[in-house]
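Here is a friendly walk through one ligand site. Have the structure open beside you as you read.

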Amino acid sequence: MAGQNLNSPAADSLPLQPVEVVKGVGPRLARHLKAKGLITVEDLLFNLPLGYLDQRGGLQISRLRPGDYVSFVATVLGAREVQYRRRKIYEVILSDGTGVVTAKWFHYGRWLTQRFQRIKGSLRVSGTLRVFAGKLEIHHPEIEEEDAGTEEDGGGIVPRYSPIPGVAPRAYRRIMREVVDSFVPQVVETLPDAVRQYFKLLDLQTALRQVHFPKEFPEAEENKQLSPGLRRLIFEELFFLELLIIRSREELARETGHPMVLDRDFLGRVGKLLPFSLTKAQKRVMREIAADLGQKRPMNRLIQGDVGCGKTIVALLSALIVISNGFQAAVMAPTEILAHQHFVNLKPFAEPLGVDLVLLTSKLKSKEKQNSREAIASGEARLVIGTHALIQKHVTFKRLGLVTIDEQHRFGVLQRLALRHKGGSPHVLVMTATPIPRTLAMTVYGDLDVSVIDELPPGRTPVETQVIDARQRKKAYELLRQEFTRGRQAYIIYPLVEESEKSDLKDVTTMTEHLQKKIFPNTPMAMLHGRMAAEEKKKIMTAFASKKLQLLVATTVIEVGIDVPEATVMVVEHPERFGLSQLHQLRGRVGRSSHRSYCLLIHEGGGRETRQRLAIMEQSNDGFRIAEEDLRIRGPGDLIGVHQAGFIDLKLANLVRDADTLAAARKAALTLIKKDPELTKPAHAAIKAKIQRQSLQAAELLKTS
Ligand code: ADP
Ligand code: MG
């Protein structure tokens with residue numbers, strides 16, 4: 001085993017060395033790093049800067065440009081709490097003699113106010129500079145006390161990393177300096193020379209050095225050109241993703257699964273149970289699935305269909321085909337709520353057909369879990385609905401014939417591949433409402449065949465969408481009141497921002513109280529958020545589905561898949577914090593019957609750009625068009641919202657910006673696999689080792705999730 005440049009055993013073990021081997025990292029620091037997922041030296045090396053600060057010569061406030069991420073040294077002129085509408089904000093006036101900037105915190109605690117009471121000398125302040133009412137502002141900046149020893153930065157170009165709780169930015173930079181100096185020389189080259197030469201890529205060591213501590217200021221964002229170092233690392237990331245996809249496609253082609261026969265009698269009985277007839281698109285997709293299921297080679301198919309197009313029934317019918325052949329079928333949903341909803345919805349079909357149905361989620365009581373697992377292992381449970389819990393090690397199926405993954409975008413590529421290895425080559429059906437633009441489909445779903453449900457069930461009227469200013473919130477309340485008197489139901493959604501989850505949660509709680517006491521005293525309502533116990537969530541969702549509740553004030557936990565036909569109004573607060581595709585998903589919770597439905601996006605502040613972006617929601621009900629817009633404006637990282645970004649498993653690449661690199665990486669991966677399918681050549685040892693590491697990590701992920 002040897003890399004291309006180095007033969008020492010240390011080289012091969014470098015990636016697995018724990019962060020503690022870095023000089024200056026003790027148990028305390030290590031704990032904080034681990035909490036951020038930085039466990040090995042390799043993790044540190046590949047945790048790249050978000051950007052850089054140009055501290056050459058030290059910038060004065062008067063020379064800073066609004067819109068830039070800036071860093072300056074200033075003293076505090078004054079600090080105070082200010083009452084602003086319903087909440088308090090903390091304001092600190094800063095100056096360096098050439099200009100004044102007001103720092104604002106919308107969420108803060110005593111730690112902040114006390115810190116400012118303590119601060120005597122000057123501060124380094126970093127964040128995005130804005131202009132508000134003609135004055136310079138900076139929101140939630142990073143602050144560092146300057147006289148605590150600034151020599152490490154010493155001006156120059158300073159990398160800016162994603163903040164790590166408990167580790168001061170400067171301390172982190174010092175660690176990275178040490179990592180780059182001591183460990184980069186041990187990094188093993190992964191790409192073969194030929195690939196590097198052909199695509200004009202830097203070697204890995206140079207690339208890493210350049211990305212962490214560049215000698216020149218990378219003007220990347222302005223002229224859209226990536227630094228050679230970054231381009232090399234992006235290529236690497238895409239190359240390994242493509243290898244994974246290509247290899248798994250080939251692996252699958254060699255597998256033999258279980259061909260199923262269609263029992264027309266049985267399907268006739270199923271048909272009689274359906275309260276509606278299938279749409280043309282549903283029928284077409286069913287034919288495609290049935291044809292796949294009849295093959296020896298396991299099916300591996302993606303169903304794409306806008307929210308509300310009726311994917312669940314397709315999943316059910318597919319499951320029944322497999323079940324009538326004597327196999328088990330599993331449906332995996334991304335959340336407890338959705339799994340439970342599927343369970344409740346599918347029961348009325350399963351029971352009259354004599355199909356035993358079980359639910360398995362990690363939140364069940366251990367006795368219930370035990371029962372479910374036994375029924376799955378004995379083969380008695382024919383249709384199994386669950387969450388991630390389904391793919392854990394101790395769950396074994398007797399005869400698994402089909403796995404359906406609902407709302408695929410919540411699961412990563414690796415998880416999907418791992419699931420396939422659960423019990424003797426089952427057929428796999430993947431369902432998503434996130435329309436993946438064609439440019440991405442090849443990369444993300446390169447190993448899947450695709451079917452599209454491009455038709456909604458008859459009688460749906462498109463949801464009427466309106467963007468309204470927060471000052472006109474009353475209009476929204478009037479509409480809600482009108483719909484409540486008609487017996488309809490509604491959702492009000494609040495975004496949760498990760499870093500300040502607690503305070504946002506408080507917002508949801510206070511808002512619910514406010515709505516109940518002051519606005520809708522006679523409307524039965526409840527609050528729903530991710531931090532609630534599963535039991536509690538289930539109770540609330542069931543109450544809402546059975547119309548015991550009319551209003552649900554929720555965070556995005558309800559975002560995917562929830563199906564309550566009588567719900568006709570969706571109000572979204574702070575819509576600007578969501579991606580358009582995510583808003584479209586939210587909107588899909590209403591308009592699920594022939595009743596006229598509404599979606600109101602209540603935005604507060606935000607510029608013309610925000611307003612324009614939201615206007616797309618008013619103009620279009622087409623998930624595809626919305627996704628394309630989203631992609632154009634925000635890039636794929638945000639396509640499905642911050643919380644769901646995992647589905648592409650990419651840290652560095654932006655599939656729109658890096659489309660060329662992607663094509664190159666795909667080409668390189670295809671060539672490699674053709675030349676050396678099993679990666680047995682010595683020159684490819686480093687590639688093989690990295691792939692093995694990745695699949696180990698995936699296995700870990702599955703165990704813990
Ligand atoms: P999604 O594709 O978003 O998962 P669902 O499967 O939840 O959509 O279906 C949305 C709603 O449409 C459900 O209430 C379902 O019963 C109903 N539905 C599905 N197919 C049809 C159809 N062919 N005709 C009428 N209603 C349908
Ligand atoms: Mg669904």
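## The model and the ligand's place in it

Keep in mind that this is a predicted model. Where does ligand 1 sit? You will find ligand 1 in the second largest pocket, whose volume is about 1,100 Å³.

## Who surrounds the ligand

Around ligand 1 there are 15 residues, and those that come nearest are Gly308, Lys311, Thr312, Arg460 and Asp563. Sorted by class, this shell holds five nonpolar, six polar and four charged residues.

Gln282 has a side-chain N or O atom 2.9 Å from a nitrogen atom of ligand 1. For Thr312, an N or O atom of the side chain is 2.7 Å from an oxygen atom of the ligand. Arg592 also places a polar side-chain atom 3.3 Å from a ligand oxygen. On its own, ligand 1 has 570 Å² of accessible area, and the protein covers 84% of that.

Now step back to the pocket itself. The lining of the second largest pocket is made up of 40 residues, with Thr312, Asn345, Asp563, Pro565 and Arg592 lying nearest the centre. Two or more lining residues come from each of helix H12 (311–323), helix H13 (336–350) and helix H19 (534–545).

Which element gives the most to this lining? The answer is H13, with 10 residues. By class, the lining of the second largest pocket divides into 20 nonpolar, 12 polar and eight charged residues.

How values were computed. Residues are numbered from 1 along each chain as its sequence is written. Chains are lettered from A and ligands numbered from 1 in the order in which they are written. This is a predicted model: local features need pLDDT of at least 70, side-chain atom pairs count only at pLDDT 80 or more; totals for chains, interfaces and linings use all residues. Side-chain values use heavy atoms; hydrogens and water are left out. A residue is near a molecule or strand if one of its heavy atoms lies within 4 Å of it. A polar contact is a pair of N or O atoms within 3.5 Å; within protein, one must be able to donate a hydrogen and the other to accept it, and residues adjacent in sequence count only if both atoms are side-chain atoms. Accessible areas come from the Shrake-Rupley method with a 1.4 Å probe; for residues, only the protein chains shown count as cover. On a 1 Å grid over the protein atoms alone, a cavity is a set of points where a 1.4 Å probe fits but cannot get out, and a pocket is an open set with protein on both sides within 12 Å along at least five of seven lines; lining residues have an atom within 4 Å of a point. A molecule sits in a cavity or pocket if more than half of its atoms lie within 2 Å of its grid points. Ala, Val, Leu, Ile, Met, Phe, Trp, Tyr, Cys and Pro count as nonpolar, Asp, Glu, Lys and Arg as charged, and the others, Gly among them, as polar. Grid points are joined across faces, edges and corners, and a volume is the space filled by probe spheres set on the points. Helices (H or I, at least four residues) and strands (E, at least two) are DSSP runs, numbered from the N terminus.
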